[in-house]
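Have the sequence and the 3D view ready.

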Protein chains: 2
Amino acid sequence: MITPDEALELVVRAAAPLAAQRVALDDACGLVLAEDILADRDYPPFPRSMMDGFAVRLADAGTTVPVVGEVPAGSVWEGQVVAGQCVEILTGAPCPRGAEAVVPKEHVARRENFVDLPNPIKPGQNIAPQGSDCRRAERVLAAGQVVTSMAIAAIASFGRASIQARPRPTLGVITTGEELAGPGGPLRPGQIRNSNGPMLAAMARDQGLSAPRHWHVADRLEATVQALEEAANTNIVVLSGGVSVGTYDFVPQALARIGAETVFHGVKQKPARPILLARQGPRLFFGLPGNPLSCHFGFHRYVAPAIRKMSGLAAARRVFQGELALAIESKGGRVRYVPGRAEVSQRSAGGWRVEVLPEASSADIFQGCRANCYVELPAVAHVYRAGEAIGFTWLGREPWW
Amino acid sequence: MITPDEALELVVRAAAPLAAQRVALDDACGLVLAEDILADRDYPPFPRSMMDGFAVRLADAGTTVPVVGEVPAGSVWEGQVVAGQCVEILTGAPCPRGAEAVVPKEHVARRENFVDLPNPIKPGQNIAPQGSDCRRAERVLAAGQVVTSMAIAAIASFGRASIQARPRPTLGVITTGEELAGPGGPLRPGQIRNSNGPMLAAMARDQGLSAPRHWHVADRLEATVQALEEAANTNIVVLSGGVSVGTYDFVPQALARIGAETVFHGVKQKPARPILLARQGPRLFFGLPGNPLSCHFGFHRYVAPAIRKMSGLAAARRVFQGELALAIESKGGRVRYVPGRAEVSQRSAGGWRVEVLPEASSADIFQGCRANCYVELPAVAHVYRAGEAIGFTWLGREPWW
């Protein structure tokens, strides 16, 4: 059976970045650019006043001059500033020809249409020269960069309302299991509620995806095949349950039936040992165990990296180092992943203190409700002391709350 | 003039957590709970088989017994397991009365309707006792906790399709400025594109808010007042531009006109010195400078904490410590905030290496496109050496890419 790292490597190799699309700028924050973004002109596009004040000639410092015009932002004063005159100018407005500095209005005394200018006046003061922030055709962003909110501002400056970017993948969720009921209404004896459907939808949205379409099917081959066929226009299909080798475990069979090729089935890890990856062209199918904790972990460690790779991002999560809050024993055998909570350490600057949340079984998602990370315990038997270094990966996208 | 920390304190005091609402579970991930969540019954709700196998009596270890029934998941076998018999059982199914252990099917030899049981059989093996994960009425989540994806699974287990949670605030954006044009179409001389509108919308969505409604108004009092009146049903209004003391700076006047009370106007910081906070009952109004970088920083440091506090979260961002990648000089006078990029340090485990991105002016959002944080340079003059410790705050919600 392959190791967790070998499995992740196979996931990353199987997932291909999606083809670029034209995306409205309003929907582009967080996406990966698929084009270089060049400045459409110089910025500022003209010598720009940085203050409300008066555009003047340097030689007039210390004298009294008449105000011969006014330039609000968004306007142009077509005349020229000559010696012995000045022009009132607003922040953001283009400095008229001839202007050598802008004197802030707080620094002058104004009497009707005349102003007393200070002395000295520094050349170019309060004027941002044309092109001083950015030159026309300068590459401000490169293909492959993530579009940040500041990048949105830069792109909007250039008059663009859309860009070429890689979309996020679409995801379909198929939960299986005769014993699972939806919310509300009575339960038959032996039934439990379907928790993997809502959980997987939340995990997908946490990764920036649209709400996935959800099918629930009983443990029957035909129903599973039909749901797979209906999910044919999604980039990734996540199935929960039915992935072991039991009488009612129809997921591997159903995937074979639609012609998907198995990449791996089974990983030497706890939880989620029977996890399955299949592919059909560029489409990926993850068969996750039905136990909620196994299902959650399977999405975290294998589905999320596939989503990231398809989105054009670096696939793998970074493994952070923290110090254990309490001692914990690892029995070895399989790599173990346990939900944890990492908080900023009070002891070491920039360090993390990691609490391992106990779980009773691989169905137990109750203890893990506070989790913001998974802690990785290597396959060797080891008794970790409190304060010992431990690796962890962040859940979702909001570790700082 | 107040300091940045005093201003933040005033923001946090002015922002009140929004009233709880009923929220569909599908939309609840990341929100703050406004009720305790109690288990509706024991979990597992019955002694649950953890394997596909045979429910047996311990005394039958090492013997051959007939299979007298089958329990698929979601069903109940009404009989009782007695000595000299066993019942086939599937993962997740309730163990019948009398069953003392489940023997995995891999551990038995089956011949037609008889199985050879191994010896010994451990008491209770592969049976999760009723209530072993969680007891009926146990408090699994408390009001005030963030709803994580694992919490979604727990709540869905209890048959709930909605919860009481604090919604995120709604936000209106009013950009002002005669010189600003929308995307597409020709520009008049002296005009530039409106970049603050798209940027503020992206920053709001980055904080988990719905796309804000956006008004653009010319530098006229009446137009500004009208936009404020149209934005009356939003929790927060962010205005950009028009917040200084110039002839065309109508934002303070317009806020006074609708009866909003100024909390502060002006903060001893660079950029965004003329920033304004006003309030009207529980509604907040932020007047941010029109320069894109000032506007971006104003949202980051003051609007985002207000959003978080209204959402029921801890308001202030955590200040992280990193080491400077390159030397930088701070002239002192005002606290300065510069866009930066923090990356995991190669030198110190768990540490951050912070690159300060140079900016040409407070209109310059081009250098900052790669930023994932703001670096804070205190008000005292100081030459920072490379490697020296420096505080920074993360932008947005995705610092790990």
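Domain bounds come from an automatic or database domain assignment. Keep in mind that this is a predicted model. For chain A, the assignment gives the four domains listed here.

| Domain of chain A | Residues |
|---|---|
| domain 1 | 4–18 + 168–310 |
| domain 2 | 21–42 + 134–166 |
| domain 3 | 48–128 |
| domain 4 | 320–394 |

How far apart are the C-alpha centres of domain 2 of chain A and domain 3 of chain A? They lie 35 Å apart.

Next, look at where the chains meet. On chain A, 91 residues are in contact with 91 residues of chain B. Several elements of chain A give two or more residues to this side, among them the helices α2 (149–157), α3 (196–206) and α6 (292–310), and the strands β23 (320–324) and β25 (335–344). The side of chain A that touches chain B is made up of 51 nonpolar, 26 polar and 14 charged residues.

Now zoom in on two helices. Two packed helices are described by the angle between their axes and the distance between the axes. Helix α1 (residues 4–14) of chain A packs against α6(A) at an angle of about 30 degrees, and their axes are 9 Å apart. Because angles under 35 degrees count as roughly parallel, α1(A) is roughly parallel to α6(A). Their crossing is right-handed.

Which residues of α1(A) meet α6(A)? They are A:Pro4, A:Ala7, A:Leu8, A:Val11 and A:Val12, and they meet A:Arg301, A:Tyr302, A:Pro305, A:Ala306 and A:Lys309 in α6(A). In this contact of α1(A) with α6(A), 8 residues are nonpolar, none are polar and 2 are charged.

Methods: Residues numbered from 1 in each chain as written. Chains lettered and ligands numbered in written order. Predicted model: local features only at pLDDT ≥ 70, side-chain atom pairs only at ≥ 80, totals over all residues. Contact = placed C-beta atoms within 7 Å. Helix = DSSP H or I, 4+ residues; strand = E, 2+ residues; numbered from the N terminus. Nonpolar A, V, L, I, M, F, W, Y, C, P; charged D, E, K, R; others polar. Axes fitted to C-alpha atoms, helices over the stretch in contact; angles between N-to-C directions. Parallel < 35°, antiparallel > 145°, perpendicular 65-115°, else oblique. Left-handed = near helix turned anticlockwise from the far one by under 90°.
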